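Please look over the coordinates below before reading the comments.

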Amino acid sequence: MTGGMAAAPAGTGSTALSQADLLSGVTPDNLVHILVWVTAAVVVTAILGAIVLRLIARRSVGLHVGLVAAVCVITAMITTGEIATIMLSAGDRVVMLELIGISGIASLVVSLIVGRSIGQASRALLASVQQVGESGIYTPPDRELPAELAGLSAGLTEAHEKLGQSRARQQALEASRRELVAWVSHDLRTPLAGLRAMAEALEDQVVTDPREVSRYHSQIRVETERLAVMIDDLFELSKIHAGALRLSRRVAGLEDVVAEVVASAEPVARAKRIRLTGSAVRGMPVLIDSAEFGRAVRNLMINAIRHTPPNGTIEVIGEIRSGMACVSVADECGGIPPGDLSRVFDVAFRGESARTPDPSGGAGLGLSIARGIVEAHSGEISVSNTGPGCEFLITLPLARPAPSAVTRPAPSRAAREVRAGR
């Protein structure tokens, strides 16, 4: 026991001595030489690696990974070999270089395996992308992908879905444009034919009775105004579709806009023996272009008047619901078939088969224009069947929070009927 204990310090002392002798053999010149040699080796191998990397830029990613591992191993062997030459004996140098060589081989093998795995994942992703051209559908690879490639695949899936939605919207828009051309061609041809016939009759003096001539003149004026309104609607709709609708927004009271529009539409409703009522709570500041937004509400009212039979009632209400300014137009048109509710705002949709037709009906652009104007104001517009008719609802954000005192829930249809005396 004693001898063993005495031997340990002797061994420790011998090791400490050999380390001291090793370090004492390294001069400052040796350290400078090692630093210069290591720096040169790193720079040279890095430059050579960059050159080779450029040469194989179009090759497999596995080869790139192997090149990186090879550059690291070669740099480590050169720098360690130089250090070992100065600081170690010949036998120790051989052992160290053998260990570095074994580590290098292991690194190259691992890097090649990793590179091969990445290459297979990349080829699987490429195959999925190429299938899109054949099937039109992107299907993610059915194998595990590295995080980066998995993120790329998820991005491709999302992009493909958005492109599909965009393509569907484009096809729907193209279909609506074709339908619009057909509707407008018919609606323009009919009044133009009437105008031509009446003008020829007056020109050829086929009609000479003063009262008949006056009637022709009045009819020409009516048809001309109808054409002017139709052309104005087409121009407005073209601006909306082209994103060229320019709004001059100012803070305005929505209740004032509702009152003005109701007042302007009241003579039209009275001429058709329709009762038009309107009410709005105070304190609904909204940031709008009053002229354009008033046109959207007016289009809803004219549409309601057109499809409501005589002696019917139309009610316009402005209120605040859930912190949003709302304008609702409820009529007695008889309702809209559920299958047509989603098409009400489509260009040229009129749905005469389900509602009371009107010979003075327009080209079916009013609701499309209303939707475009409301959406340009960051609002929403919707329609639903309620009671004896349907209700169009416009929702807009308030320019500033309204006092809770003016916030009230929407009245039920039954309450409206009670107020109307029915």
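The numbered points below take confidence first, then the helix pairs, then the rings.

1. This is a predicted model, in which local features need pLDDT of at least 70, side-chain atom pairs count only at pLDDT 80 or more, and totals for chains, interfaces and linings use all residues. Residues are numbered from 1 along each chain as its sequence is written, and side-chain values use heavy atoms, with hydrogens and water left out.

2. The chain has a mean pLDDT (the predictor's confidence in each residue, from 0 to 100) of 77, and 79% of its residues reach 70 or more. Over residues 405–410 pLDDT stays under 50, and the model has 13 contacts (heavy atoms within 4.5 Å) beyond four places in sequence for them. Residues 412–422 also stay under 50, with 23 such contacts.

3. Helices (H or I, at least four residues) and strands (E, at least two) are DSSP runs, numbered from the N terminus. Helix H7 (residues 254–271) packs on helix H8 (residues 290–307) at about 40°, with the axes 9 Å apart; axes are lines fitted to C-alpha atoms, for helices over the stretch in contact, and angles run from 0 to 180 degrees between N-to-C directions. Residues in the contact include Leu254, Val257 and Val261 of H7 and Phe293, Val297 and Met301 of H8.

4. H8 also packs with helix H9 (residues 366–376), at an angle of about 150° and with axes 9 Å apart. Among the residues in contact are Phe293, Ala296 and Leu300 of H8 and Leu367, Ile369 and Ile373 of H9.

5. The axes of helix H6 (residues 210–241) and H9 come within 10 Å and cross at roughly 40°. H6 and H9 are therefore oblique to each other. On the H6 side the contact is made by Asp233, Glu236, Leu237 and Ile240, which meet Ser368, Ile369, Gly372 and Ile373 in H9.

6. How many aromatic pairs does a search of the whole structure find? The search finds 1, where rings of Phe, Tyr and Trp (its six-membered ring) pair if their centres lie within 6.5 Å, and planes under 30 degrees apart count as stacked, over 60 as edge-to-face and the rest as tilted. The ring centres of Phe345 and Phe392 are 5.9 Å apart and the planes lie at 85°, so the pair is edge-to-face. Phe345 is in the loop between strand S5 (324–330) and H9, whereas Phe392 is in strand S7 (residues 389–397), 47 residues apart.

Conventions: Angles under 35 degrees count as roughly parallel, over 145 as roughly antiparallel, 65 to 115 as roughly perpendicular and the rest as oblique.
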